[in-house]
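Let's walk through a protein model together, one piece at a time. Keep the picture open beside you as you read.

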Amino acid sequence: MSGSESRVWQRLGLGSYRGRYIWLTVSLSIALLVIALTAQQAVRKNTQETSQRASLYASAISDVTEAGHQLHVLQEGLLSFSLDPGEIGQDRIHAITADLQLSLAHLAQEPGPGVPGYSGTVELLINDGQELRRWVGEMIAVRLDPAQWVPASRTMQEQLLPQVEIVSSTLQEMDHLLADIPVTEALRLKTAALRIHWLKVVGEMRLMVANRFGAFSLDSGQAVRNRAQALDIHLQQFQHDLDQVTRLAGERNFVFVLDRIALLQEAVNQWSRAYQQLRVLISREDWRQDLLLLNTQIDPLTRHMAQRLNTLRVQLQTGTQGQLMLLTGQAESLAMSIGWLSAVLIGLFALGYLAFQRWLLNPIEHISEQLLREGSSLQDEIPTRLPAVKETRRLMQSFSEMHAQVRARERRLDYMAYHDPLTGLPNRVLFHERLDDALHNELPRGHDVGVLFLDLDRFKQINDTHGHLVGDKFLIEVARRLRSTFRSEDLVARLSGDEFAILLQRFGQIHEMSFLAKKAIDALAAPYEIDGASFRSSASVGMSVAPVHGDTAERLIQQADTAMYHAKANGRSKFAEFSAEMLEQSATQLALENDLHKAFLEREFQLFAQPVVDCQSLRPYAQECLIRWRHPEKGLLLPIDFLTTLEDMGLMRDLTDWILDQLEQTRATLDMAYTINLSALQLNDAGFLSHLQERIRSGEIRAQNLIIEITEDTLSDDLDRITLQLSDLQAIGVRIALDDFGTGQASLSHLRAFPFDTVKIDRSFVRDIAEDHQDADLIRAIIRLAHTLGIEVVAEGVETREQHAFLRAEGCDLVQGFLLGRPAPLPQERGKILAFSS
């Protein structure tokens, strides 16, 4: 390029990459703007007209979709209302029906998009909606009236349940009468079998009714038939055993037994007739009147309305497709325009690449060759001619300076990789490398290698009090003092936070190492003056020596760290040498057992109680007895710390007797119900029931106010025997609660086997009910199941108001937890109730 041409290029701004880029960008922008404006004018007119027509169809489709959605919501709402009116109230159903009427009215008010039969279809939909509203109102009235809803409920209340009570009380009376006659062992066993079979018959009847409501199976009809077959089997077994009892009583001429058998047979016959009537009522298709209306009137009407809405939506979508065809033709025209635009762009980019090749790539390649020659130390090969463009010329001139800066940064990065950026001390990586080198070099020569592990005391307090800036300056001052304290051949490093380590080589005896540790502690104990803040600090130091305490870097640091914590535990501002005794555990299982034996002798146990309150009114309902151990050295211990050991020692009966003694001495059960926990071992104890009866007869313990809690694991040993034992407890007036319900392996079978008075939902299900929908659904199902079987529900572990609000809304009977009252010592005065807060 001649000098005159070069001056012209400079005046036009083409002498630099920036100028050439600007010229190229402006040229491409002008070309694109012209093409875009032309395409815009061509498409705008046609698109505007088509969009106006399509908007009418879109509005109509939206209205039809909204009406269909409201109809679906109504169907779902009616199904939920039939299952549980409390979950979705009648006001909500009426509101959904009104919303559907409003959607249909809005559909009639919109201008028709030109679909044939549009107005007539909408008018028919409005008429159907009015008829649907009438049937919905009638279904709500039937569902809310128990007499109309399930006709079989009157049979259960007036005929079945009274006969159940007569049979149960008669069997129990026979068992007690035969207990005092020594020659009736076979008759007593048959009477016990009668009680078991009757409990199974009543349990199967309850499950049959619950299954008819769909509580346990999707196929309620098959589930009812299965339960009826099982009930018939148990009833036949009951009748067979009753005949045998009648024969045995007749052989021994037990008139008092025969009289009760006659009364028992009459009650069973009346129960059987009522049971057959119940079977007929719950097997009919109209056993629930609300479902009859739903299936015969409402569902056909809603399906008819849905079909009309779907037909109308298909017609509207067909019209919309016509408009889309118009838009498709316009899009094809636009695509052709874009194709021409793309071809122009490809051509422009090809020109741009050629310019890029000439103005940038060729000069950079030329510069790269020069840099390679310079890297090969071929100084005589470097040409003196520089590129004409100033950017590439400056690139060549900057290379030497860049090379020097890179070398400096490499040295800086190497330093940062091995040093602490705050204090400038070596970091953990460098300390490990130097310690490994020292062990490798010094140990073979017979020289010891020592490690001091230093931790600053109260560093967090200094940071929190004076701020992190003062804390950083404090660490810098600590590093300065440590460097000035130790020898030049020693390595002082900062490992992390307020932890420092010192590597000692070629020192004399261990006392020299201790002297250096004491010197470091004294240096760091001197007052600090930083940014106007005056304070003192201290340090704890642990020491380890190779090869005595190990021959690896990791082990030496670990042993020194252990010694440091030992020194800190002994009062801080001290140093300690590592020893093997530091790793030993002082407390053993034998010591715990000895302490438990001593606890009984020294009366170190104390009975606490935690309130159980009514979920709705928050009135006290009962108190749960909880054991605490006031250890003379460890303070107040919870059952988790000793109860397992106590059970392994066979002292659980002694502990239960002690709890009953406390309730008897304080006469607590005369004014308030108290719950105690019982294990399977105590239930199997033949003397437990008789001893409890003696306590009740003494008048110091009221049976009606004593609740015995058992866990599901207790029921897993011998279900039939446990059932009889629990029945005997209920017979003397004691209530039975199933604790930690839901955590066992067969919760449903347990409820089926025995009519518990109360079930307690485990705290693990209550803890996350506000966030975990699965736990919330599970608790809701447990409450409904228990209420169906006539059992009260207690929720444990209630600690927040949100948990209490959820349980109260779901109809939970009783609640227990820190929100409602913490455990407190058992009152020593009768009538005093433990305080609790709502």
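In what order do the five strands of the open sheet with mixed pairing stand? The order is β2-β3-β1-β6-β7. Between neighbouring strands the average turn is 20°, with direction ignored.

Let's cross the sheet strand by strand. Strands of a sheet pair through backbone hydrogen bonds, and they can do this in a parallel or an antiparallel way. Start with β2 (residues 491–496), which pairs with β3 (residues 499–505) in the antiparallel sense over five bridges. Here L491 stands opposite L503 in β3. The two strands form a hairpin with two residues between them, and G497 takes a positive phi near 50° there. Five of the six residues of β2 are buried, so this strand is largely enclosed by the rest of the structure.

Next comes β1, which pairs with β3 in the antiparallel sense over seven bridges. As an example, D455 has E499 in β3 as its bridge partner. Helix α12 (residues 428–442) packs on the sheet, where it touches β1, β2, β3 and β6, and its direction makes about 20° with that of β3.

How many of its nine residues are buried? Nine of the nine are, so β6 is largely enclosed by the rest of the structure. In a regular strand, side chains alternate between the two faces of the sheet. Both faces of β6 are covered: on one side S538, S540, G542, S544 and A546 are buried, and on the other A539, V541, M543 and V545 are buried too. With β1 (residues 449–457), β6 pairs in the antiparallel sense over nine bridges, and A539 is the bridge partner of L456. With β7 (residues 575–577), β6 runs parallel, joined by three bridges, and M543 stands opposite E577. Helix α15 (residues 510–525) lies across β1, β3, β6 and β7, running at about 160° to β6.

Now let's turn to other helices. Helix α8 (residues 220–251) has 32 residues, which should span 46 Å at 1.5 Å a residue; its end C-alpha atoms are 46 Å apart, so the two values agree. Just after α8, N253 takes a positive phi of about 55°. In helix α22 (residues 719–731) you can look for S727. Is S727 buried or exposed? At 9% relative accessibility, S727 counts as buried. Leaving out residues up to four places away in sequence, S727 touches R195, L199 and F754.

Finally, step back to the whole chain, which has 26 helices and 17 strands. Buried residues make up 41% of its 838 residues. How far can you trust the picture? The mean pLDDT of the chain is 80, and 78% of the residues reach 70 or more. Over residues 377–382 the pLDDT is below 50, and this stretch has five contacts in the model beyond near neighbours in sequence. Residues 831–838 also stay under 50, with 24 contacts beyond four places in sequence. Where pLDDT is low, the predicted coordinates should not be read in detail.

Note on methods. Residues numbered from 1 in each chain as written. Heavy atoms only, no water. Helix = DSSP H or I, 4+ residues; strand = E, 2+ residues; numbered from the N terminus. Buried < 20%, exposed > 50% of the residue type's maximum accessible area, 1.4 Å probe, protein only. pLDDT = per-residue confidence, 0-100. Contact = heavy atoms within 4.5 Å. Expected span 1.5 Å × (residues − 1). Pairing = 2+ DSSP bridges. Axes fitted to C-alpha atoms, helices over the stretch in contact; angles between N-to-C directions.
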